[in-house]
Amino acid sequence: MSSRLQTFLALFNTAAVVGVLLAFLGHQRTSEQELAALKEQVRQASASATANQGDRRAAAEAAMRMWASTHGAQNPTARGPGPSQPKATPPGDDATGADAPPDELPPTGSFEESRTRVFTAFANEPVDNDWSGKATQTLNETLRQHLPSNSRVKALDCRATLCRVELVHRSAADSAPFMMSGLRSWPGAIFVASEAQEGEDYVVTLIAAKEGTRPPL
Amino acid sequence: MKAFQTLAKVCAFGVVALTAGTASAWQYYPGSAFKASFAGDVSCLNVQSYSAIRNDCTTARLVTATVPMWTVGWHPTSVYLYGNNTWCETTTVNGVGNGSNLGATTYTLAGPMQWQSLNTGDRYVWEDTALVFRCNLQPGGVIGGFSID
């Protein structure tokens, strides 16, 4: 009797061990499948992120190349403060980007870096007479219609895909309502590069991009 | 031991996958996330069905929705609405609420009122800034939702 019981218990134990092993193997297989699916998802996400980073890196490199071709021969000591200390008023055509040496342009995007990139791109852009003339006319009409009476246009310059507009208001209170609705007839995106109190003037510098294009932020 | 290692790998990949998914996550918000831009217009705007917002006044009303953003870069935006004489635009705003990257104004198609999707363009987001959706919602117009990619 006890021999039979021992045999039964041995068989039962064996069956239990085999069952546990099979369950474990099944779980292992499921885990491997889930792991493979997760790996695939991560691979796809990484590929997407890499593509975005590649685009941004290419844009940054293009900006740096433009910078180097324009300012490479200048004495670095003659340059202004770096990107962390941007000038309130953006540099003009002859000194564009002078506040950001090329080796200080990291690929990540702070607002100051975007401002430097846009001004650099604008300064290096050739003039497309056809678009430049039409854009200037559109902006002039828009500004004439919507600019507060106490405000004025200090500068307006259009190139091939970008226009640089400098507006002078008496105060920030005049600027805000204009910005909310005054430029709605411009068909493209607008980058507000700077808003700064300069003495008695409140100076706003805008970059208006051609319809269907992105300003190089 | 191997099972434990497998579990650890699965967890690690899960964290990476979730992080990667968050970085480029498509976000959807219901129309009811819009608010009246001006206090006097609050009574014009009512929720339709579960989550759309409708202008019940007889003239157009300006509505605004704001979304804090953390992912630096370009983000396509769109608004799904019912109308034929409504415009929307998107803007990146900075810490003091001023616009930084203003998008062009996008208008609904003319003709009979219909559900349509407005492509409000790509907006560049800097660190710790926000996106603002602004629409001039016509009488009887309904905003069903809006999205950011």
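Is A:Leu167 buried or exposed? I looked up its relative accessible area and got 0%, so A:Leu167 is buried. (Buried means under 20% relative accessible area, exposed over 50%, partly exposed in between, with a 1.4 Å probe and protein chains only.)

Ground rules before I go on. This is a predicted model, where local features need pLDDT of at least 70 and side-chain atom pairs count only at pLDDT 80 or more, while totals for chains, interfaces and linings use all residues. Residues are numbered from 1 along each chain as its sequence is written, chains are lettered from A and ligands numbered from 1 in the order in which they are written, and side-chain values use heavy atoms, with hydrogens and water left out.

**Entry: strand β2 of chain A.** I found A:Leu167 in strand β2, residues 162-169. (Helices, H or I with at least four residues, and strands, E with at least two, are DSSP runs numbered from the N terminus.) Leaving out residues up to four places away in sequence, A:Leu167 touches, among others, A:Leu143, A:Val153, A:Phe178 and A:Val204. (Contact means heavy atoms within 4.5 Å.) A:Val153 is 14 residues from A:Leu167 in sequence, yet their C-alpha atoms are 4.7 Å apart.

I also checked A:Glu166, which sits in β2 of chain A. A:Glu166 counts as buried, at 6% relative accessibility. Its side chain makes a polar contact of 3.3 Å with that of A:Arg164. (That is a pair of N or O atoms within 3.5 Å; within protein, one must be able to donate a hydrogen and the other to accept it, and residues adjacent in sequence count only if both atoms are side-chain atoms.)

**Entry: helix α4 of chain A.** In this helix, residues 172-181, I list A:Ser175, A:Phe178 and A:Met179 as the buried residues. They cover an arc of only 100 degrees around the axis, so they lie on the same side of α4(A). (The arc is that of the directions from the helix axis to the C-beta atoms.) What do the buried residues of α4(A) pack against? I noted α3, β2, β3 and β4 of chain A, together with β8 (99-102) of chain B.

**Entry: chain B.** Of the 149 residues in chain B, 46% are buried. For contacts with a separation of 6 or more, 74% join residues 24 or more positions apart.

Technical notes:
The arc is that of the directions from the helix axis to the C-beta atoms.
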